[in-house]
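Hi there,

Could you have a look at the structure below when you find a moment?

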Amino acid sequence: MEKRLMTFLACLFLSLGMALAQIQVNGTVVSSDDGEPVVGASVRVVGTKTGAVTDINGNFSLNVPEKSKLEFSYIGMKTLVLPAKSSMKVALQSDNQSLDEVIVTGYGNFKKSSFTGAASSMSTAKLSDVPSMSIEDKLSGNIPGVSISTSSGQPGAMNFIRVRGMGSINAGNDPLIVIDGTPMQSGNVSEFNDPASGSGYNGSGTNILSSLNSNDIESITVIKDAAAASLYGSRAANGVIVITTKSGSVGKTRVDFRSDWGFSNMAIKYRPTLSGDDRRALLYQGLKNYVYDGNAGAATDEAAAVAYADAHIDEYAAKPENGWADWEKAIFKTGTHQNYQASVSGGNEKTKFYSSLSYAKQDGVVDRSGLERFTGNANLSHSFGRFKLDVSTMFSAMHQNSVADGGASYAGAISNAYWFLGPSDPVYDEDGNIVTETSSAYNGGVNPIFENLHQFDITNTKRSYNTIALEWNIWDALKLREKVAYDYINATEDVLWDKYSNDGSGSGGVMQRVIDEFYTMNTQTQLSYVKSFGLHNVDALLGFETEAWHKNYLYTHGDSYPGDLYELANAGNTSSETLKYDSKMTSILGRANYNYDNKYYAGVSYRRDGSSRLARENRWGSFWSVSGAWRFGGEQFLESIKSVLSDGKLRVSYGVNGTQPSDYYNYMNLYKYGRYYNGSNGMAIVGISNKDLKWEQNKAWNFGLDLTFFDRINVTLDYYVRTTSDLIMDRPVSYVPGYFDSSSLAATVAQNVGSMRNSGLELSIQSTNIQTKDFTWTTTLNLGTNKNKVTELTGDEDQIISGVLIHKVGEPYYSYYMYEYAGVDPQTGKESYYINDGTENARNTTTNVNEAHKTIVGKHDATIEGGLSNYMKWKFIDFNFTLAYKLGGDSFDAATWLHDNGGTFTSYGAIPAYYDLSEMWQKAGDNAKLPKFQTSYGTRVTSSRWMMPNDYLRLKNLTIGFTAPKEWTSLIGLSKARVYFSGNNLLTWKSKNMYVDPETPVDGLCTFEMPAMRTFTFGVELSF
């Protein structure tokens, strides 16, 4: 017995000794691509819960049992298992399979391999150097099916995003913007300027998304189909853009600082005009033509023509004593910008944090045009017990100064430089002083430089966006999450025309102010369950959401100022108006996803929204989707070709989502006091009810294919069809009963009028061309096509004509309707047009426009658009560029004043360079490109002559950076030091017949919008 006891104790101590036989393991984890440390990589002892995380230098250290194996893993890299030993150097390889990318939907994150819908993601890391304060600008050319257009190149101006075409008329076409899982307000917050309609004092507006610091963004995901978008219900018909902000990670506290400085000018040669001498020669010939055509008496010979032209040319093109004027040079300047940002991030297994501060200032290319912005951001995550707390706050203050552009404003920089004022209008007098008035026949004698000194349009915007969320792990994989988000925006816009300005002189100075306050409270309750049972994987979600939106509006007006202190209290006359708006929504939602063996996938979602913007009978809408996928790349029968076809997946989805009315009270009869009639105060009806108004419904099919070849080429192909029914449109009604809209003064009623269809293809190819220790080269090509068609209009008519646009059944919504230009008549030198009368004479021509008929001559939608990106890194040098392109479609030069061939509007100011005298008709029999110029007597006809091709290729951004070696930076306590050059819109290739910036407004109607800016930036990055 004693012997057995001793044997047992010996074995026990021997086993205990073996168990306690630990070794110290340390090492470094780096990337095999570039040898850089992998920060936050997981190091785990296989078969245990023991582990560590690499620090900011990629180092780790832990005690492990002898002969243990360690598992090294990191998101986006292949997991590696190695025997434990001292002084390990571990190199992790990138996982190039796009099917393992993470798709962020706002209602959960999914590997692309398990995602059954259509979505595209992009990391902002490689675009952080792009010198743009616009988030939308970084999307351009990077995601298929996404089109970006702009209203103006001024800092802080509105951009318009279209995902898979347009799906609405009046209810809105902008996608829903979601930040960290919560919808937030986007769009224009200027009350005086509406770029969407073209109304207001300038064409830029104030883009509230400019209040966000794009360098605080980790990634952007664009959700395109109904599989994921239907969970957003009534706001998802036009797609969803999910923005994920940066957060802390496990590891040593990291301090990052970056700053850049640069300058900008116009990205293109905008609306080229004739020089002083060329303009004079053209007008001289036009005066001779005036005589040749018998307008100056009986004599029509050469001598009479020369005599008449000599006598009158100085009325149109006199040369100033100090030389020809250059208004473009006088009005525009080189813009500048500067940006500074500091951030701190880090954390441990329980608490992670990220915080940043930034300051940015961008001055435009016109004096007193610019944007100044300060932002602060903080994200904190803390886990304790079964709970996880997430808190975030974002604050921004923005100061925007806009100058008049768009349309034909008398004080507009663009309209003056390229139309109102020509080489014969002096900028300065003989003593070099700026002239206060000009001789322009088109703008009342206004000098835009002087006018700009005596007026302004300034918007000060403050935004505070705060969220708090608590997640409770109730049991196993069952989690309950409660989130509250509060978004506050204050936008104060001041418009001043002082007593010395053209607009203010007649009223003793005019000051207008609008103060808008927006409050949005969003609550989300979500119960989720994610669990695997062997080969069966389940992901389920139930949710309840509320949103309460409120707006306060205050307008004040003052004039008749006795002095130069233009505050409202000093005005001789004042008036004011206040308004309040409310909108609420309540929603329930659910989602269930199932997959078997990570090869067969199915998903279903449902959401029911109730909106205060509709009558009780139609208030609730149901939105849902079903989807499925087959990951055939995981099938055994493909193993033999795995070296070629690394992975593959087929996807299909169908769903219904919707759009609520953009107006808050369209279903109600509204009246308003403060209306004057015959000198008495009264009231008027300002809203005509339509209780039958209902949700727009968007029904979408999507078929997708994902392929990976050779573990390095990833191809994604999608085909979609989306049909929108019950389109909401403001239909005109009679003014006779006294109805009118209080904002537009138009008599309209909102109705569901028809349907529209969008269909198209999207292709994305990502390739890792070369990947070695010292050199990496990746390429991404994407393209998208979209075909838009109106399929139904309610009522007896099948078309709606709006100026040069026609909305007709069977045609794209933005179709151009006008006379079809047939070239120059060889006998008369006049413009000729196709008759288009529907008979056998339709293709005959006439110079009498009254004998011709209008027809559809083009559409705005591009045939193909997309982008090409390349990223290269060799040792310490990185190089990155993106090309954006568009092929097909047209825009229309809506500055029709310039189309009169020498008539009233092209005889005195600047004359476009397309009036090239060398290409003009001179005599009978000439087969000329251009009709004859007719100084003072030319006429204008809206025809396809003034269509402009949309085709362009633009070097959207380019960056080259130099990173100092680690062994150098570590000597001065830095973990990273990098300098770089970056440019935006550096080169643009377009048709010479595209006179304006090719990134045209959404309807393609172009007047005098500020073009995009070409920006050059030099920057530095430091990390501690």
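Lys929 is partly exposed, at 47% relative accessibility; that label covers values between buried (under 20% relative accessible area) and exposed (over 50%), with a 1.4 Å probe and only protein chains counted. The side chain of Lys929 meets that of Glu919 in a salt bridge of 3.8 Å, N to O. By salt bridge I mean a side-chain nitrogen of Lys or Arg within 4 Å of a carboxyl oxygen of Asp or Glu. Both residues of this pair, 10 residues apart, sit in the loop between strand S50 (890-893) and strand S51 (947-949). Helices (H or I, at least four residues) and strands (E, at least two) are DSSP runs numbered from the N terminus. Glu919 is partly exposed as well, with a relative accessible area of 29%.

Before going on, please keep in mind that this is a predicted model, where local features need pLDDT of at least 70 and side-chain atom pairs count only at pLDDT 80 or more, while totals for chains, interfaces and linings use all residues. Residues are numbered from 1 along each chain as its sequence is written, and side-chain values use heavy atoms, with hydrogens and water left out.

Side chains of opposite charge can pair when their charged atoms come close. The structure holds 39 salt bridges. Here are some of them.

Lys269 pairs with Glu328, with 3.1 Å between the closest N and O atoms. Lys269 is in the loop between strand S19 (251-266) and helix H4 (276-292), and Glu328 is in helix H6 (residues 327-331), so this bridge ties together parts 59 residues apart in sequence. Lys269 is exposed, with a relative accessible area of 52%, while Glu328 is partly exposed at 24%.

Arg954 belongs to strand S52 (residues 952-963) and Asp997 to the loop between S53 and strand S54 (1005-1006), so the pair ties together parts that are 43 residues apart in sequence.

There is also a network of salt bridges, which links Arg258, Asp878, Lys976, Arg978 and Glu1021.

**Cavities**

Rolling a probe the size of a water molecule over the atoms shows where empty space is left. How many cavities of 30 Å³ or more does the structure hold? There are 10 of them. A cavity here is a set of points, on a 1 Å grid over the protein atoms alone, where a 1.4 Å probe fits but cannot get out, and its lining residues have an atom within 4 Å of a point. Grid points are joined across faces, edges and corners, and the volume is the space filled by probe spheres set on the points.

The largest cavity has a volume of about 430 Å³. It is lined by 31 residues, and those closest to its centre are Ser147, Arg162, Gly165, Asp861 and Glu865. Strands S11 (146-150), S12 (159-163), S38 (754-771) and S48 (864-874) each give two or more residues to this lining, and S11 has the largest share, with 4 residues. The lining divides into 11 nonpolar, 14 polar and 6 charged residues; nonpolar takes in Ala, Val, Leu, Ile, Met, Phe, Trp, Tyr, Cys and Pro, charged takes in Asp, Glu, Lys and Arg, and the others, Gly among them, are polar.

The second largest cavity contains about 340 Å³ of space. Of its 24 lining residues, Ser132, Ser134, Asp137, Gly153 and Gln154 lie nearest the centre.

Asp180 is in the loop between strand S13 (176-179) and strand S14 (182-183) and is partly exposed at 33%. Arg368 is in the loop between strand S21 (351-363) and strand S22 (370-384), and is partly exposed with a relative accessible area of 33%.

Enjoy exploring, and write back whenever you like!

Technical notes: On a 1 Å grid over the protein atoms alone, a cavity is a set of points where a 1.4 Å probe fits but cannot get out, and a pocket is an open set with protein on both sides within 12 Å along at least five of seven lines; lining residues have an atom within 4 Å of a point.
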